[in-house]
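Dear colleague,

Please find the structure below, followed by an account of what was found in it.

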Amino acid sequence: MPPWNPFLGHLYFCYKITLKLPTDAHPHYLPGMARRELPDLGPVFYLDTWPIGPQMLVVASTEGLHQISQEHSLPKHPGLRYFLQPIADGVDLVTMEGHLWKRWRGVFNPGFSATYLMSLTRGIVEETEQFCRNLQKLAEGQTLFRMKDLTDNLTMDIIGRVV
């Protein structure tokens, strides 16, 4: 576990890490940076950011992730429901639990089979090659441009081809 203080938890440790990041870096960088700072942390550890934020159980191994998401389906964080409520009105695979999740996951399983995904590779590669050509042309122009617009277009092109 990172150095802990009874009054500040891991806040000072997290503060030292954030000093090494750009000021607009997303907080999701914290767990990875914590592992870089303390390589002996292991694949599972807590980050206590109370009262600024909730405690976090950081799971950084495929075995640990399999255990908490497949072997023992732990409850999902309430923040997921809060975030997705306006988008999905509470009916989404991300926040479903238990038998309801298993039933709907089974419906979607064929779309994620290795054979099916491999059949889509050619189209994805073609769209990505076009994206690279567009990016190369813009880079040669030596003017600033928004990558988000290009990546949004790539995403829609791939979805359009796959669907």
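Where is threonine 95 found? Threonine 95 lies in the loop between helix 4 (78-88) and helix 5 (98-108); helices here are DSSP runs of H or I with at least four residues, strands are runs of E with at least two, and both are numbered from the N terminus. With 5% relative accessibility, threonine 95 counts as buried (under 20% relative accessible area, with exposed over 50% and partly exposed in between; 1.4 Å probe, protein chains only).

This is a predicted model, in which local features need pLDDT of at least 70, side-chain atom pairs count only at pLDDT 80 or more, and totals for chains, interfaces and linings use all residues. Residues are numbered from 1 along each chain as its sequence is written, and side-chain values use heavy atoms, leaving out hydrogens and water. The average pLDDT of the protein chain (the predictor's confidence in each residue, from 0 to 100) is 89.

Helix 1 (residues 11-18) and helix 2 (residues 29-37) pack at about 90°, their axes 10 Å apart; axes are lines fitted to C-alpha atoms, for helices over the stretch in contact, and angles run from 0 to 180 degrees between N-to-C directions. Phe13, Cys14, Ile17 and Thr18 of helix 1 meet Leu30, Met33, Ala34 and Glu37 of helix 2, where contact means heavy atoms within 4.5 Å.

The largest nonpolar core has 11 residues, among them Phe13, Leu30 and Val58; such a core joins buried Ala, Val, Leu, Ile, Met, Phe, Trp, Tyr and Cys residues through side-chain atoms within 4.5 Å. Helix 1, helix 2 and strand 1 (44-47) each supply at least two of its residues.

Yours sincerely
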